[in-house]
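This briefing concerns the chain shown below. It begins with the chain as a whole and then turns to selected elements and residues.

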Amino acid sequence: MTDHTDLADLPPGWTVWSEEDERTVIVYRADVFDAEAFPAACLPTLYLTRGRRDRRPGVAPTSPGADWYVTLTLEPEVTGEEGRFERREEALAYAVGVARRFADGGIDYRGLYQVPREEYFAKLDELTGREP
């Protein structure tokens, strides 16, 4: 398990869901996007992984010396910010920055969708203080 020092810089609303040596999952407002009001798949999630994240179960994404990747998803097929880094510390700093921009309304999540989810957008707008 890695040190949580940098993760303490996450803005309010973001929570470390799980942390392993080569993968950290950070979620936004799990209390709101809890599968009752919104589908669980709509939980905004940041993945920090060693090696490119693969959606297929049982596929190990890592190899010795693999780069670190940060991926923001709003649903399994809706990806926002992405970054690739040589060192975990750089990837973690980027992930915290993405979380901060998202929480502050600085990421255009509406632009990521081909088919709008108006109720979902309205809730994200409310939570991030963003004007629709």
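Of the 132 residues in the chain, 41% count as buried, where buried means under 20% relative accessible area, exposed over 50%, and partly exposed in between (1.4 Å probe, protein chains only). The model is predicted: local features need pLDDT of at least 70, side-chain atom pairs count only at pLDDT 80 or more, and totals for chains, interfaces and linings use all residues. Residues are numbered from 1 along each chain as its sequence is written, and side-chain values use heavy atoms, with hydrogens and water left out.

**Overall architecture**

- The chain contains two helices and five strands; these are DSSP runs (helices H or I, at least four residues; strands E, at least two), numbered from the N terminus.
- Along the sequence, the elements follow the pattern β-β-β-β-β-α-α.
- Among contacts in the chain with a separation of 6 or more, 45% come from residues 24 or more positions apart, a contact being heavy atoms within 4.5 Å.
- The accessible surface of the chain is about 7400 Å², and carbon and sulfur atoms contribute 47% of that surface; accessible areas come from the Shrake-Rupley method with a 1.4 Å probe, and for residues only the protein chains shown count as cover.

**Helix H2**

- In helix H2 (residues 118-128), the buried residues are Tyr120, Phe121, Leu124, Asp125 and Thr128.
- These residues lie on the same side of H2 because they cover an arc of only 135° around the axis, the arc being that of the directions from the helix axis to the C-beta atoms.
- Glu119 and Glu126 are exposed on the other side of H2.
- The packing partners of the buried H2 residues are S2, strand S4 (68-75) and helix H1 (88-103).
- Gly129 follows H2 and has a positive phi, near 70°.

**Thr24 in strand S2**

- Thr24 belongs to strand S2 (residues 23-28) and counts as buried because its relative accessibility is 1%.
- Its side chain makes a polar contact with the side chain of Arg88 at 3.2 Å; a polar contact is a pair of N or O atoms within 3.5 Å, where within protein one must be able to donate a hydrogen and the other to accept it, and residues adjacent in sequence count only if both atoms are side-chain atoms.
- Leaving aside residues up to four places away in sequence, Thr24 touches Leu7, Val16, Ser18, Glu19, Leu46, Tyr47, Leu48 and Arg88.

- Arg29 is located in the loop between S2 and strand S3 (45-50).
- Although Arg29 is not a glycine, its phi is positive, at about 50°.
- With a relative accessible area of 24%, Arg29 is partly exposed.
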